[in-house]
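Student: I have a new structure to look at, and I would like to learn how to read it. Could we go through it step by step?

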Amino acid sequence: MTSSPAAAAPTPKAKRPLIELRDIEKYYGDYYALRKITTDIREGEFFSLLGPSGCGKTTLLRCIAGFEELSGGNLLIDGKDMEGVSANHRPTNMVFQSYAIFPHLTVEENVGFGLRREKATKEDKARRVAEALEMVGLKGYGKRAAHALSGGQRQRVALARALILKPKVLLLDEPLSALDKKMREQMQSELRKLQRQVGITFILVTHDQEEALIMSDRIAVMFDGVIAQLDSPERLYRRPVSRKVAEFIGIMNFLPATVTGTEGGQIQLEVAGLGAIAIDAEQCPGAVKTGEASVGFRPETMTVLFEGDPEPTRGKIAGGEVEEVVYFGDMSYYDVKLDGVEKPVQISMRNVVGRPVLGRGARIRIAWEAGALVLFC
Amino acid sequence: MKSKGNGFRIYAILYLGFLYAPIVLLPIFAFNNSTVISFPLVGFTTQWFQALVTDTSLLLAVRHSLIVAVSVSILATTFGVFAARATTRYKFPGKGGLMGMIMLPLVLPDIIIAVALLGAITNILGMKLSLITVIFGHTLIATPFTIAILNSAFQSLDRSLEEAAYDLGETKISTFRLIILPLVMPGIISAMLIAFTISLDEYIIAAFLSGTEATLPVYIFSQFRFPQRVPVIMALGTILVCLSIVLLTVAEYFRRRGIAKAGGKSSGGFL
Ligand SMILES: Nc1ncnc2c1ncn2[C@@H]1O[C@H](COP(=O)(O)OP(=O)(O)OP(=O)(O)O)[C@@H](O)[C@H]1O
Ligand SMILES: [Mg+2]
C-alpha cells in the first residue's frame, strides 16, 4: 500500500483512502524537496506529518492544498486526480501557521468569507457562521474586529473559517506553534475533539513529536523529503523502523549488538550488557540481517531494583552503576552504566513514597524484558 | 536635563520659524492693499482674490494643472501598484536591474529628463507638445515615488492572507479586490497624493513640454515679470497652502484609519 515497510500496520477501522499520493515529487529549482512520496490518507482520520525542520512537511501540505505544483507523480482526492485543479477548487481548506485572519474584517466576516460564493440566503449564512463560531467556542464574538483577538482566539477563528465550508480535508500547518504552552495543550485536546465531532480528515504538520503522538490516528515521520515511517502513535513509539525515527520520537537507548542467527520467527542476538537473548522477529520492524546491529529500548522499559524490592517474576536482571541521577518530582532519571557497556543508558523511574532516590556511584540491579527491545540492523 | 530639552526646543522653534515665516507672508500680502511687497502694510483688501477668480488665463492654468495632476496621480499609482505587486510577489530574471532602471528618474536631474523627453517627443515621436506630453513626463518622474511607497505597503502584507482567500474559493482577481486592495489602500492614497503634489508643483518638465498649454507653475513664473501681478500670485499661493493642508490632513486621516483597521500601530508616515 505504501513505500514504507511498516505502513501496512492494522488500524481498528480500515477506511477507504481519501487522499492518494502516488510518487509525489517536488523540485524547488535544483533542490529535491519531495522524493517520490507514495501513501494513502484515510477518510476521517487525524493524520500528522512529523519531521525536523526543512524535511518537506509544509511543501507536501501545500502540494495537497494546491498552492504548489507537483514536479512529478499524482495526487488524488476522493478518487479525482487533482492535476490542473487549483487551490480554490479543491475540497481542502487550510489553517495557516500565521492564522491569516483578514485584519480589516470582523470575526463574523472572516468566518463567513468562504460562503460569499454560495447561493444561500443571508439568514442561512448568518446561522452557519453562528454555528461555526459556537463550535470553536467563540459564541458572541462575531461583531469583534479580527485584529483585536488573542492568539488562541485567532486560531479558533481560522478553524471556524476553514471548517464552515465542510471541506473533505482540513490542512493545518503547525497551527499551535505560536501559542504558549498552556494554550497549546488546551488546543491540542480541543482540536482532537473537534476532529472527532466533525469527522473531517485532518492533516496536521508539526515538528513536535509529543503533539503528534497526542493527537494523531496515524503519523508519517518524514526526513529529507521521504516518509521514513507511517504508523499509529503507539507502533511508532514502540517499534520505530530505524534508529533515526527512534531518536526523533522520545528517547531511546541503544546498545551494540550482534545478530547471530534467525530461525522460526526468532532472532538470536548477543547484546552488550544484556548477554545472549532471543527476540521475536516482530521486534525488528526494519530489515533483518546477521552481523553488527544495535538494540534499542525506551527509558521506562527497564526498572531499577532497590534494596528489599521483591524479585521480579518476569524478565531478567542486569548489573550496573548509577552515574548520574536527576530528580524531577514525580520521576527520577538515572544515567546508568551497564556492566560491560561504555556508554551510559537512561532509565526513568516513577518516584514512589518511601523509596529512596539513589545517588551517584551506587551499585544497582536492573530488571528488563526482552519484549521491550527493538532491533536495528 | 532641563537645559538639554530647552536646546532642542529652541532648535525646533528656529527651524519651524525659518520654514514657515515665508509662507506666513503669503496671506499677509494677499490681503494687503498694495502692489508692492514690503512693510508697512497699507490696508486690508480682498481685491486680489477677486482678481484671481476673474483672471481667465490663470483659471485656465489651474485647470491644466489639475487635469495633469489628477491624471498623473492615477497613472503613476496604477503603474506603482503593478510594479510593487510584481516585485514583491514574483521572481524573474533581471529583476534587480529592472527595478534600478525604474527608480533612476528619482536621482536624475529633472532638467536632463526634460531635455531628453523634449527631444524624443518632438523629434522622434513627432508628437505635438500639449498637456498629454506633460502628463507623460510627470508620470515618469512620479512613478518611482509611488513604487517606493507601494512597495513597502505590499511588502508588509502577509502572503498567507492572499492564499487563505484563494483557498476559501475566491479567484486571484477577487482576492486582490477583497483582501489586498483594502489592506494596501492607505499606501495607494499616499501614493496618489504624492504623485498629485509632485505633478502640481513641477516646473521644469512642464515648462519644456507644455507647449502653449501652460500649467500653474509655468504660468506663475511667467507672471512674475509683471510686478502688479505679484499680489494676485500671493492670493493664489494662500489658497494653495490652505488646500495642501486640507489635502494632507485628509490623507493622513485615511492612512491612520487604514492602519487602525489593520490592527497596526502608526509609525510616522507623512505627518
Ligand atoms: N519556495 C521555495 N523555494 C525554494 N526552496 C524552498 C521553498 N520552499 C521550501 N523550500 C525548501 O524546501 C525544503 C522543505 O521546506 P518545507 O517548508 O517543506 O520544510 P518543513 O518541513 O515545513 O520545515 P519547517 O519545520 O521548518 O517548517 C527546505 O529545505 C526549504 O528550504
Ligand atoms: Mg513548515
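Student: What share of the contacts in chain A with a separation of 6 or more comes from residues 24 or more positions apart?

Tutor: Contact means heavy atoms within 4.5 Å. In chain A, 67% of the contacts with a separation of 6 or more are between residues 24 or more positions apart. Before we go on, a word on the ground rules: this is a predicted model, where local features need pLDDT of at least 70 and side-chain atom pairs count only at pLDDT 80 or more, while totals for chains, interfaces and linings use all residues. Residues are numbered from 1 along each chain as its sequence is written, chains are lettered from A and ligands numbered from 1 in the order in which they are written, and side-chain values use heavy atoms, with hydrogens and water left out.

Student: How many helices and strands does chain A have?

Tutor: Helices (H or I, at least four residues) and strands (E, at least two) are DSSP runs, numbered from the N terminus. Chain A has 8 helices and 20 strands. Its C-alpha atoms fill a box of roughly 75 × 50 × 40 Å along the principal axes.

Student: What percentage of the residues in chain A is buried?

Tutor: Buried means under 20% relative accessible area, exposed over 50%, and partly exposed in between, with a 1.4 Å probe and protein chains only. Of the 377 residues in chain A, 50% are buried.

Student: Which domains does chain A have?

Tutor: Domain bounds come from an automatic or database domain assignment. For chain A, the assignment gives domain 1 (17–246) and domain 2 (252–376). Taken over C-alpha atoms, the centres of these two domains are 39 Å apart.

Student: How many residues of each domain are in contact with the other?

Tutor: In chain A, 10 residues of domain 1 are in contact with 13 residues of domain 2. The size of an interface is often given as the accessible area lost when the parts come together. Buried area is that loss (1.4 Å probe), summed over both parts. Between domain 1 and domain 2 of chain A it is about 1000 Å², with 50% from carbon and sulfur atoms. On the side of domain 1, A:Tyr237, A:Arg239 and A:Arg243 lose the most area to domain 2, together 60% of what that side buries.

Student: How many salt bridges cross the interface of domain 1 and domain 2 of chain A?

Tutor: A salt bridge is a side-chain nitrogen of Lys or Arg within 4 Å of a carboxyl oxygen of Asp or Glu. The rule finds 1 salt bridge across this interface. A:Glu282 and A:Arg239 also form a salt bridge through their side chains, at 2.8 Å from N to O.

Student: Now for the two chains. How much area do chain B and chain A bury between them?

Tutor: Chain B and chain A bury about 2000 Å², 59% of it on carbon and sulfur atoms. In chain B, the residues that lose the most area to chain A are B:Tyr166, B:Asp167 and B:Leu168, together 33% of what that side buries. The contact takes 22 residues from each of chain B and chain A. There are 3 salt bridges between the chains. The side chains of A:Arg117 and B:Glu170 meet in a salt bridge at 3.1 Å, N to O.

Student: Why does the salt bridge of A:Asp78 and A:Lys168 tie together parts that are 90 residues apart in sequence?

Tutor: The side chains of A:Asp78 and A:Lys168 meet at 3.1 Å, N to O. A:Asp78 lies in the loop between strand 4 (72–77) and strand 5 (80–81) of chain A, and A:Lys168 in the loop between helix 4 (151–163) and strand 7 (169–173), so the pair ties together parts 90 residues apart in sequence. A:Asp78 is partly exposed at 28% relative accessibility, and A:Lys168 is partly exposed at 37%.

Student: How many disulfides are there over all chains?

Tutor: A disulfide is a pair of cysteine sulfur atoms within 2.5 Å. The search of the whole structure finds 0. The sulfur of A:Cys63 is too far for a bond, because the closest cysteine sulfur, in A:Cys55, is 13 Å away. A:Cys63 is buried, at 2% relative accessibility.

Definitions and conventions:
Buried area = accessible area lost by both parts, 1.4 Å probe.
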